[in-house]
Amino acid sequence: MFLYSFHSSRNSTSIDGIVRLWDARTSQCVREQQGHTKAILDFALSPDYARVLTASDDGTSRVFNFQ
């Protein structure tokens with residue numbers, strides 16, 4: 001699952017429960033944040049692209065700060 005932003009970066013989530021921030025220009029992962037024990041099913045970005053809200057198969061929701 002990928003979400004593209006206007007800031008030349010993209011976020012991804014995966015079955016390992018890790019949220020990743022990617023540099024779209026270089027295709028390099030620039031930051032990872034862990035917090036879920038199961039797959040992340042959905043996510044949304046804040047309007048300023050600083051936070052990611054996630055919903056996981058482990059029954060939790062989390063807010064990750066990417067500032």
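I began by writing down the accessibility classes: a residue is buried at under 20% relative accessible area, exposed at over 50%, and partly exposed in between, using a 1.4 Å probe and protein chains only.

**Entry 1: the model**

I noted that this is a predicted model, in which local features need pLDDT of at least 70 and side-chain atom pairs count only at pLDDT 80 or more, while totals for chains, interfaces and linings use all residues. I also noted that residues are numbered from 1 along each chain as its sequence is written, and that side-chain values use heavy atoms, with hydrogens and water left out.

I looked up Ser 27 and found it in the loop between strand 3 and strand 4, where strands (E, at least two residues) and helices (H or I, at least four residues) are DSSP runs numbered from the N terminus. Ser 27 counts as partly exposed because its relative accessible area is 43%. Its phi is near 60°, which is a positive value in a residue other than glycine.

I then turned to the two strands on either side, where strand 3 covers residues 18-23 and strand 4 covers residues 28-34. They pair in the antiparallel sense over six bridges, and I recorded that two strands pair if DSSP finds at least two bridges between them. Leu 21 has Arg 31 in strand 4 as its bridge partner, and the hairpin has four residues between the strands.

**Entry 2: a second hairpin**

I next looked up strand 6 (residues 51-56) and strand 7 (residues 61-65), which run antiparallel and are joined by five bridges. Ala 55 has its bridge partner in strand 7, namely Ser 61. This hairpin also has four residues between the strands, and Gly 59 takes a positive phi near 85° there.

**Entry 3: salt bridges**

How many salt bridges does the structure hold? I found three, taking a salt bridge to be a side-chain nitrogen of Lys or Arg within 4 Å of a carboxyl oxygen of Asp or Glu.

Arg 20, which lies in strand 3, takes part in a salt bridge with Asp 16 at 2.8 Å, N to O. Arg 20 also meets Glu 32 in a salt bridge, here at 3.0 Å, N to O. The pair of Arg 20 in strand 3 and Glu 32 in strand 4 links distant parts of the chain, 12 residues apart.

The remaining entry concerns Arg 51 and Asp 48, whose closest N and O atoms are 3.8 Å apart in a salt bridge. Salt bridges that share partners join Asp 16, Arg 20 and Glu 32 into one network. For Arg 51 I wrote down 35% relative accessibility, so this residue is partly exposed, and Asp 48 is partly exposed with a value of 43%.

Over residues 33-67 I found the chain to be 0% helix and 54% strand, with the end C-alpha atoms 12 Å apart.
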